[in-house]
Amino acid sequence: MMRETFVYLKKTPKAFHLMLIHSFVGLTAFDALVALMVDKYYASLIATSLALGLLHSARAIGLVIGPIYIGKWITNKRLIYIFIAQGLAVWLWAFVMHNFYLSLAASVVVGFFTTTLWSYSYTLLQKNIEKKYYGRIVAYNDMLFLSSAAFTSYMIGFLATHSFSLEAITAIMGSGFFIGAIYYKFVLQTQNIKEVS
């Protein structure tokens with residue numbers, strides 16, 4: 001079954017491209033970054049556990065309201081703008097992270113685009129693969145996404161221990177979404193991607 005799936009992926013390159021597109025969402029694995037932010041900037045202002053909870057709650061608000069506002073607007077061609085908006089939101093967060101209250105607001109903005117990016121890229125993959133391979137491709141896609149998230153968390157720790165500022169690390173993560181936008185534009189131009197209806 002594995003061999004059959006890899007043969008299918010080789011014959012259907014758009015499926016593999018869409019798996020890679022979805023894996024860019026792994027760049028939103030901010031847990032390690034948030035913990036470091038709280039320790040460096042907010043521990044003297046507010047209890048650590050409360051700061052962690054508030055920051056995650058603020059991002060969760062963005063995660064919930066984002067699809068409500070942009071869910072009906074999103075299309076294959078407009079997904080590129082979500083990538084760009086996500087990158088800009090993360091850059092904004094990097095710029096204001098030293099201020100706890102501004103960081104809370106930026107967390108909402110960061111979360112605002114994340115759910116739509118995650119769900120639309122996932123649905124796009126599902127729409128563009130044969131039903132026969134659906135379960136296997138989705139399993140490999142999840143493996144790739146989780147590997148991306150794990151690598152992101154590892155790199156946050158690695159860069160933090162090698163004298164990179166948290167702002168620089170966050171800006172690098174934001175830049176990843178611009179790379180995702182360029183790659184997605186390439187995929188749209190070279191592959192026959194079905195629209196999500």
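Q: What covers the buried residues of helix α3?
A: The cover includes α4 (48-70), α5 (79-96), α6 (100-127), α7 (134-160) and α8 (166-190), where contact means heavy atoms within 4.5 Å. Helices here are DSSP runs (H or I, at least four residues), numbered from the N terminus. This is a predicted model, where local features need pLDDT of at least 70, side-chain atom pairs count only at pLDDT 80 or more, and totals for chains, interfaces and linings use all residues. Residues are numbered from 1 along each chain as its sequence is written, and side-chain values use heavy atoms, with hydrogens and water left out.

Q: What makes the buried residues of α3 line one face of the helix?
A: L33, V34, M37, V38, Y41 and Y42 are the buried ones. Looking down the axis of α3, they fall within an arc of 135 degrees, so they line one face; the arc is that of the directions from the helix axis to the C-beta atoms.

Q: Why does F100 count as buried?
A: Buried means under 20% relative accessible area, exposed over 50%, and partly exposed in between (1.4 Å probe, protein chains only). F100 has 5%, so it's buried.

Q: Why does Y101 count as exposed?
A: Its relative accessibility is 65%, so exposed it is.

Q: Why is the pair of F100 and Y101 called edge-to-face?
A: Rings of Phe, Tyr and Trp (its six-membered ring) pair if their centres lie within 6.5 Å; planes under 30 degrees apart are stacked, over 60 edge-to-face, and the rest tilted. Here the centres are 5.4 Å apart and the planes at 75 degrees, so the pair is edge-to-face.

Terms used:
Helix = DSSP H or I, 4+ residues; strand = E, 2+ residues; numbered from the N terminus.
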